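Visitor: Please take a close look at one part of this model, the packing of its helices. I would like the definitions spelled out along the way.

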Amino acid sequence: MRTILDAHLIEELNWRFEGESPEKIIRWALEDAGIDRVAIASAFQVEGTALIHMAVQVRPDIPILFLQTGFHFAETLAFKERLTELLDLNVVDLTGDYTVQGQAEAFGPRLYERDSKMCCELNKVVPFTRALRTYDAWMTSLRRDSAWTRRNTPIVSHTELEPGKTFVKINPVATWTSKDAWSYLKEHRLPRNPLYDLGYASIGCAPCTRMLFPGEDERAGRWAGLLKTECGIHVREAAEQDGEGPDPDCTE
């Protein structure tokens, strides 16, 4: 079993996959890459729904990692259950060390307003890093056109969530536009989170997500008013822009 792809192969794969369909990239990841322990990380947004649908055609029992933060919209949780039942998904709920009440008792109320970075660390980064230790690769539904922090997202890369443990990260829909994602759902008659119909474009935890105003960036509704664009998991995409190397001070 191959767990780490060398740099030359990573470069070759990115060149090769640039013009390939997400379906072919997913099939490579699950059948030809030589990596057995692969999971999908998803918040069940439009792109994630499409990615999950494509992946289960190849590997029906692929683990779908969902961060159960305690702060999700009720609509998101209901949609997650609906899609799980519809596609018979193998969803793995990930939780941090604190309940909503426990976090408030330990760090004070409304931590997400006072220190959004710590709140994401406790509820997303820590449980995700812990869960990923049992895998060798993970797939995400990052799109380059969704935000400036993601415009150079590679299709295949290495990522290190903790010292000494490197994973293969695969972004099969990196080259997709928002229109591509919505077209896929329409073509395959897949449902969507009803919050999209209310004006939300990128849906995360309820306290840190708002509807968009006309002309705003797709992810402007996430952590609005804060100097924060990512929860801390997708560090590489936020740090590497315009061909520059990783910013060692970038932790978001």
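Guide: Among contacts in the chain (heavy atoms within 4.5 Å) between residues at least 6 apart in sequence, 68% join residues at least 24 apart. The model is a predicted one: local features need pLDDT of at least 70, side-chain atom pairs count only at pLDDT 80 or more, and totals for chains, interfaces and linings use all residues. Residues are numbered from 1 along each chain as its sequence is written, and side-chain values use heavy atoms, with hydrogens and water left out.

The chain has nine helices and six strands, taken as DSSP runs numbered from the N terminus (helices H or I, at least four residues; strands E, at least two). Of the 252 residues in the chain, 52% are buried, that is, under 20% relative accessible area with a 1.4 Å probe and protein chains only, where exposed is over 50% and partly exposed lies in between.

Now the helix pairs. Two packed helices are described by the angle between their axes and the distance between the axes. Here axes are lines fitted to C-alpha atoms, for helices over the stretch in contact, and angles run from 0 to 180 degrees between N-to-C directions.

Helix H2 (residues 22-32) packs against helix H3 (residues 46-58) at about 50°, the axes being 9 Å apart. That makes H2 oblique to H3; angles under 35 degrees count as roughly parallel, over 145 as roughly antiparallel, 65 to 115 as roughly perpendicular and the rest as oblique. The crossing of H2 and H3 is right-handed, meaning that the near helix is turned clockwise from the far one by less than a right angle, whereas anticlockwise is left-handed. From H2, the residues Pro22, Glu23, Ile26, Arg27, Leu30 and Glu31 meet Leu51, Met54, Ala55 and Val58 of H3. By class, this contact of H2 with H3 has seven nonpolar, no polar and three charged residues. Ala, Val, Leu, Ile, Met, Phe, Trp, Tyr, Cys and Pro count as nonpolar, Asp, Glu, Lys and Arg as charged, and the others, Gly among them, as polar.

H3 also packs against helix H8 (residues 178-187), at an angle of about 55° and with the axes 9 Å apart. H3 and H8 are therefore oblique to each other, and H3 passes H8 in a left-handed crossing. Val46, Glu47, Thr49, Ala50, His53 and Met54 of H3 make the contact with Ala181, Trp182, Tyr184 and Leu185 of H8. The classes in the contact of H3 with H8 are seven nonpolar, two polar and one charged.
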